[in-house]
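Subject: Structure for your review

Dear colleague,

Please find below the structure that I am handing over to you. My findings follow it, and I would be grateful if you would read them alongside the coordinates.

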Amino acid sequence: MLNVNPDQFVIKPSLATINCEPNWQWKRKAPIPNYDLLYVWSGKGTLTLNGKDFKLQRGSCFLFKPGDWTTATQDPMHPLVITYIHFDLEIEPNMIPKSYRILQDRIHFESLLSQYVRLFLVKTFAADIEGKLILKQLMIQLLREDQQSETKQIEENTEMQSQLFFTIREVANYVQQHPGKNHTVESLAARANFSPRYFSKKFKEIMGQTIQSYVVETRIKRAEHLLHYTGMTVTEVADALGYNNIHFFSRQFKAYTGKSPSEIRTLPRIRKSTIKEISLKRNA
């Protein structure tokens, strides 16, 4: 409602701050015809707006729009104290506050709301002019709180995503450091403090492959290194990496590398001097 000038607010005569009776309830037989601002000072209850239920409590604030359907009840043990005001607009607003929120800055909002109601309890000079100015201020505060709420949500989501990324990377690093362990989705999910289903989903999103594929790939890369540089036999490497069946290890190794473990083991190793010569040529 930032594009609405105060003069374009149309103040309706229905407004009040009331202490609801023990048997109070609100059951409309027709949709709301104009804008209606409702604020809860104290008490408890339930309000249904267009089929969705909201708890009524201290700081609950609603902005109903033309066409909204509402009903409400209260807890008789905690009767409601509410303020409501009705108004219309002469033009279509470019921004409309959300229908519901729990106000954060209650002191300023309550002060404006009380001032608005007092204007019309007695015949105050220029009440209509001041009332429109206050309405504009009330709408600005609601819009401001909506924007702050969205910013906070974005920041919380960003922080949560950052923490999620760190957790998944930590688990991936753990697998790389312990390739021979019997890693399962359940054990790794427990390490991340996630459910197995959620962990599997997020691991694939962040790492680009399933956890099972990642574990196998990590083992094969480690096996390739051990076979090529340590002089360990195929059986020793398979055993070190948790394979009970050497034939299964060989098939899996070839599926990932295109070569058998024995072929990798017999490849000539590059001497350090050769590596230095290659590096010097590249830098020349």
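In what follows, a residue is called buried when its relative accessible area is under 20%, exposed when that area is over 50%, and partly exposed in between. Please bear in mind that this is a predicted model.

Overall form

The protein chain holds nine helices and nine strands. Its radius of gyration is 34 Å, well over the 19 Å that the globule rule gives for 284 residues, so the chain is more spread out than a compact globule. The C-alpha trace spans about 100 × 55 × 30 Å along its principal axes.

Of the 284 residues in the protein chain, 38% are buried. Among the contacts with a separation of 6 or more, 73% are made by residues 24 or more positions apart. The chain exposes about 17300 Å², and carbon and sulfur atoms supply 53% of that area. As for charge, there are 38 positive and 28 negative charges, and their mean positions lie 11 Å apart.

Helix H5 and what follows it

Helix H5 covers residues 211-229, which makes 19 residues. From its first C-alpha to its last, H5 reaches 27 Å, close to the 27 Å expected at 1.5 Å a residue.

Which residues of H5 are buried? They are Ile211, Tyr214, Val215, Val216, Thr218, Arg219, Ile220, Ala223, Leu226, Leu227 and His228.

Thr230 is found in the loop between H5 and H6. With a relative accessible area of 38%, Thr230 is partly exposed, because that value falls between the 20% and 50% cut-offs. The C-alpha atoms of Thr230 and Arg265 are separated by 9.2 Å, although these residues are 35 residues apart along the chain. Just after H5, Gly231 takes a positive phi of about 80°.

A residue in strand S1

Ala16 is found in strand S1, residues 9-19. Is Ala16 buried or exposed? Its relative accessible area is 16%, which is under the 20% cut-off, and therefore Ala16 counts as buried. Leaving aside residues up to four places away in sequence, Ala16 touches Ile82, Thr83 and Tyr84. For one of these, Thr83, the C-alpha to C-alpha distance from Ala16 is 5.6 Å, while the two residues are 67 residues apart in sequence.

Asn50 has a positive phi, near 50°. The place of Asn50 is in the loop between strand S4 (45-49) and strand S5 (52-56), and Asn50 is partly exposed at a relative accessible area of 47%.

Ala126 also has a positive phi, near 60°. Ala126 is found in the loop between helix H1 (106-121) and H2. Its relative accessibility is 31%, so Ala126 counts as partly exposed.

With kind regards

Terms used: Residues are numbered from 1 along each chain as its sequence is written. This is a predicted model: local features need pLDDT of at least 70, side-chain atom pairs count only at pLDDT 80 or more; totals for chains, interfaces and linings use all residues. Side-chain values use heavy atoms; hydrogens and water are left out. Helices (H or I, at least four residues) and strands (E, at least two) are DSSP runs, numbered from the N terminus. The radius of gyration is taken over C-alpha atoms; the globule rule is 2.2 Å times the number of residues to the power 0.38. Buried means under 20% relative accessible area, exposed over 50%, partly exposed in between (1.4 Å probe, protein chains only). Contact means heavy atoms within 4.5 Å. Accessible areas come from the Shrake-Rupley method with a 1.4 Å probe; for residues, only the protein chains shown count as cover. Lys and Arg count as positive and Asp and Glu as negative; His and the chain ends are not counted. The place of a charge is taken as NZ of Lys, CZ of Arg, CG of Asp or CD of Glu. The expected span of a helix is 1.5 Å times one less than its number of residues.
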